[in-house]
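The structure comes first, then the notes by topic.

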Amino acid sequence: MNKLKEQYAAPWSKMAEGWAKLGIGNHPSPHDVAAYEQFILRATEGVSDPSLLLLGATPSLRDMAARHPNFSLTVLDIHPEMIEGMTACMTEKPVRETLVAGDWIETSFPPHIFDAVMGDQVTCNVAYEKWDRFYAHVRDILKPTGAYISRITTRYPETPVYDPHEFVLRFANTPPTRESLTELWNLLCFQTHHDNVSPSDRMYAVLEAHLDRPNIKAYYDLLLDIIPRGKVWDIGRPWPEEKAIIEKYFVIAGEIPDDTIFRDSTKIYSLQPR
């Protein structure tokens, strides 16, 4: 295993195993999938045999593509086990799908080959110092008439910030469910601070302060089985920072608000190459 794959293997293999234990929010909602589909159909209007690239292996987006027999979809993810795990979660049978194990930035494609590129919360899993390269790369592999479509989680001026300890106590009287577990870990990790990055270790430190409370130990144990310690996401940077990078390479052609637990910090964007 090369060093790049080694870097991502442990956390993403664990996330693949835990995918079914997490709910809407981590997964795009039906509303979100419909937004992706709307933007893709707009970008590929008049194209008889659209060529699409999916960054990551999100099952619901692959299901959506499979419902369009004329879509040719390339699925790109760093780790084969992640692709395999996500494939097992699909409800549709892939029709015209090519699976590629590789890095989102380093994997080489011919220029201007795709009619649309899509990916869910992609920049959350790309180091901030690589965002410029990432957006430049996506622009370069898109056809001039194409679009990059993504659900982007960021920090808008109106995004609320919760007190982490008060937030945890809200869950003390709620036994864990798939939905409550998803809400607790996402909002606790990503919307309880003003920092530029969101480390899982900070979330676990907050939970550890309340393990004597009802149900919190159960949440803690479930999360430890899914979310690795030492994982850091680039969620929390102000929207103007990412927008400034985006607009070097793309025009924001459309946006649809998310309807999940991320609704205050997330929109699905359609970006057209400059």
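In helix α3, the residues Pro59, Leu61, Arg62, Asp63, Met64, Ala65 and Ala66 are buried, where buried means under 20% relative accessible area with a 1.4 Å probe and protein chains only. The model is predicted: local features need pLDDT of at least 70, side-chain atom pairs count only at pLDDT 80 or more, and totals for chains, interfaces and linings use all residues. Residues are numbered from 1 along each chain as its sequence is written, and side-chain values use heavy atoms, without hydrogens and water.

**Helix α3**
- Of the 8 residues in α3, 7 are buried; helices are DSSP runs of H or I with at least four residues, strands are runs of E with at least two, and both are numbered from the N terminus.
- Packing partners of the buried α3 residues include α2 (30-43), β1 (51-55) and α4 (80-87); contact means heavy atoms within 4.5 Å.

**Second largest pocket**
- The lining of the second largest pocket has 12 residues, and Pro59, Ser60, Asp63, Cys89 and Thr91 lie nearest its centre.
- Helix α3 (residues 59-66) supplies the largest share of this lining, 3 residues.

**Threonine 182**
- Threonine 182 sits in helix α7 (residues 178-190) and counts as buried because its relative accessibility is 1%.
- Its C-alpha atom is separated by 7.1 Å from that of glycine 25, 157 residues apart along the chain.
- Beyond neighbours within four places in sequence, threonine 182 is in contact with Leu22, Gly23, Ile24, Asn26 and Ile261.
- The side chain of threonine 182 reaches the backbone oxygen of arginine 178 at 2.8 Å.

How values were computed. On a 1 Å grid over the protein atoms alone, a cavity is a set of points where a 1.4 Å probe fits but cannot get out, and a pocket is an open set with protein on both sides within 12 Å along at least five of seven lines; lining residues have an atom within 4 Å of a point. Buried means under 20% relative accessible area, exposed over 50%, partly exposed in between (1.4 Å probe, protein chains only). A polar contact is a pair of N or O atoms within 3.5 Å; within protein, one must be able to donate a hydrogen and the other to accept it, and residues adjacent in sequence count only if both atoms are side-chain atoms.
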